[in-house]
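Here is a briefing on one protein chain. Look over the sequence and the structure before reading the points below.

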Amino acid sequence: MEGAETASLVGERSLGPPARFRTYRRRWFLLAVVCLLNCSNAMLWLTFAPVADKTAAYFHISLETVNWLSVVYLLVSIPFGLVATWVLDSVGLRCAVVLSAWLNMVGSITRMFSVLKFLSLGSQSYWYLFVGQCFSALAQPLIIFSPTKLAALWFPDHQRATANMIASMSNPLGILIANLLSPALVPEGKHIPLMLGIYAVPAVTACALATLGIHEKVPPTPPSASATNSNSQPFFTGLKMLLRNKPYIILAVCFGGGIGMFTCFSALLEQILCEKGYSNDFAGLNGALFTVCGLLGAFLLGMYVDRTRKFIESTKISFCLSALASIMFTVTSRFRHQAIMLAITSSLFGFFGFAIYPIAMELAVECSYPVGEGTSTGLIFVASQIEGVILMILLQALTVRVSEDPFSTCALDQDGALDWTTPVLVLAGLCSGMACFYVIFFHTDYKRLHAETISADLVKAEDAATARVPES
């Protein structure tokens with residue numbers, strides 16, 4: 001063991017003698033790097049959503065074209081998501097984090113070429129934005145899949161849900177920052193170059209920290225019994241096991257659909273509200289409340305589940321309450337001058353909806369063990385991206401053109417604003433339907449916790465047998 005490395009012994013939850021498992025202080029550095037990466041990637045993803053109208057005017061493109069800067073994340077990560085699961089479970093956590101950091105940084109820098117005047121790109125400037133978004137989109141699956149792997153490999157069992165919650169919720173924190181920062185930085189379209197430069201800073205910082213600071217893919221000594229078998233199943237074997245696992249499929253469809261809905265909500269919120277006369281700043285505030293309350297809900301639920309292990313009950317209750325909040329938002333958003341109610345409903349939607357995310361990721365590992373953490377969470381993410389693409393296209397197709405609307409605050413093009421009444425009704429209906437399906441049909445055993453209990457009992461039995469052997 002390295003002399004400079006500080007390690008603490010773990011002897012909790014009946015996992016056997018302390019010397020068998022260790023935790024290392026550097027796990028918190030790894031967690032911080034993954035958090036910064038996750039946050040930066042989310043900021044790059046939704047850079048333009050809160051200022052979609054001004055982006056369209058600056059680059060002389062339509063709102064639908066601006067939306068593709070967000071949708072491309074979903075499209076690119078569907079095929080690359082399977083590659084990312086293989087990288088995490090076969091090559092290792094370190095490679096996944098460093099590769100994602102470089103892709104994220106290259107994407108942030110490529111976007112800046114679109115606003116360099118001396119290049120005189122003209123109509124081609126948009127494609128630099130698009131290519132930059134594609135690079136960042138390639139990084140997203142690697143980043144999104146990392147929290148459960150990091151928690152399983154580096155954290156003891158009583159810290160796993162909390163570590164997963166912290167790393168996972170850094171993604172909505174990035175969404176929060178984008179919702180607040182983009183409208184503040186871009187009161188007018190001419191400030192878009194400044195926004196792109198500022199958003200590149202965390203991406204470059206995260207890349208430097210990941211490249212120079214992460215040296216190991218696993219700790220020298222595992223923190224828990226399950227960590228010793230984290231890579232026990234080959235990738236394709238694990239994939240086949242997941243496709244035959246009924247509880248896992250139900251979780252993937254319902255939870256993946258939930259992620260897809262939250263993706264659409266975050267990307268389209270400004271366009272939904274501006275048609276009813278609400279400003280970009282207010283839409284950004286709603287997005288911020290949605291995320292802040294979601295972070296609070298995830299923190300509280302993560303702490304609760306770490307202590308009680310009630311994964312299923314927590315996710316079912318939260319899913320139902322988030323469905324009710326989505327209905328409240330749908331009704332409220334169709335009326336003008338309802339700023340307070342919109343703020344409340346957005347807060348409730350985020351509080352209950354985001355709270356599910358880290359717990360459902362842990363639940364995916366529990367119901368699919370001993371399949372690798374990257375594969376079990378990765379397949380859910382791929383499902384969420386597929387469902388998100390379908391939803392995004394469907395919701396935009398269901399909008400209706402409103403040629404003249406004196407109350408609209410949207411930066412109108414020649415065809416007028418869009419009426420989002422039907423899309424938000426569909427969104428609330430789908431959320432309610434998936435919540436009901438999940439509550440009725442999802443049931444599973446906690447396989448990883450059960451395996452750790454058996455392992456602990458065996459260790460105790462071995463120790464007891466050793467203690468009974470008389471010394472020669």
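Histidine 337 is exposed in this predicted model, with a relative accessible area of 72%. This histidine sits in the loop between H11 and H12. Its phi is positive, about 60°, although histidine 337 is not a glycine.

**Backbone exceptions**

- Most residues other than glycine have a negative phi, and most peptide bonds are trans.
- The loop between helix H2 (52–59) and H3 holds histidine 60.
- Histidine 60 is exposed, at a relative accessible area of 72%.
- A cis peptide bond runs from tyrosine 369 to proline 370, with omega near 15°.
- Proline 370 belongs to the loop between H12 and H13.

**Confidence**

- The average pLDDT of the protein chain is 83. A score of at least 70 is reached by 89% of the residues.
- Over residues 1–19, pLDDT stays under 50. The model has 42 contacts beyond four places in sequence for this stretch.
- Where pLDDT is low, the predicted coordinates should not be read in detail.

**Overall architecture**

- The protein chain has 15 helices and four strands.
- Of its 472 residues, 58% are buried.
- Among contacts with a separation of 6 or more, 83% join residues 24 or more positions apart.
- The accessible surface of the chain is about 18600 Å². Carbon and sulfur atoms account for 68% of that surface.

- Helix H8 covers residues 235–243. Phe235, Gly238, Leu239 and Leu242 are buried there.

**Cavities**

- Rolling a probe the size of a water molecule over the atoms shows where empty space is left.
- The whole structure contains seven cavities of 30 Å³ or more.
- The largest cavity holds about 360 Å³ of space.
- The lining of the largest cavity consists of 24 residues. Gly258, Ile259, Phe262, Phe354 and Tyr357 are the closest to its centre.
- Two or more lining residues come from each of helix H5 (125–154), helix H6 (160–185), H9, helix H11 (311–332), H12 and H13.
- H9 gives the largest share of this lining, with seven residues.

**Leucine 142 in H5**

- Leucine 142 is part of helix H5.
- Its relative accessibility is 0%, so leucine 142 counts as buried.
- What does leucine 142 contact, leaving aside its neighbours within four places in sequence? Its partners are Phe80, Ala84, Val87, Leu88, Ala96, Leu99, Ser100 and Leu103.
- Leucine 142 and asparagine 38 are 104 residues apart in sequence. Their C-alpha atoms are 9.6 Å apart in space.

**Serine 326 in H11**

- Serine 326 is located in helix H11.
- Is serine 326 buried or exposed? Its relative accessible area is 5%, so serine 326 is buried.
- Beyond its neighbours within four places in sequence, serine 326 is in contact with Phe349, Ala428 and Cys431.
- Serine 326 and alanine 428 are 102 residues apart in sequence. From C-alpha to C-alpha, the two are 5.3 Å apart.

**Alanine 339 in H12**

- Alanine 339 lies within helix H12.
- Alanine 339 counts as partly exposed because its relative accessibility is 33%, and partly exposed residues fall between the 20% cut-off for buried and the 50% cut-off for exposed.
- Tyr278 and Phe282 are in contact with alanine 339, leaving aside its neighbours within four places in sequence.
- Alanine 339 and alanine 283 are 56 residues apart in sequence. The C-alpha to C-alpha distance between them is 9.9 Å.

Note on methods:
Residues are numbered from 1 along each chain as its sequence is written. This is a predicted model: local features need pLDDT of at least 70, side-chain atom pairs count only at pLDDT 80 or more; totals for chains, interfaces and linings use all residues. Side-chain values use heavy atoms; hydrogens and water are left out. Buried means under 20% relative accessible area, exposed over 50%, partly exposed in between (1.4 Å probe, protein chains only). pLDDT is the predictor's confidence in each residue, from 0 to 100. Contact means heavy atoms within 4.5 Å. Accessible areas come from the Shrake-Rupley method with a 1.4 Å probe; for residues, only the protein chains shown count as cover. On a 1 Å grid over the protein atoms alone, a cavity is a set of points where a 1.4 Å probe fits but cannot get out, and a pocket is an open set with protein on both sides within 12 Å along at least five of seven lines; lining residues have an atom within 4 Å of a point. Grid points are joined across faces, edges and corners, and a volume is the space filled by probe spheres set on the points.
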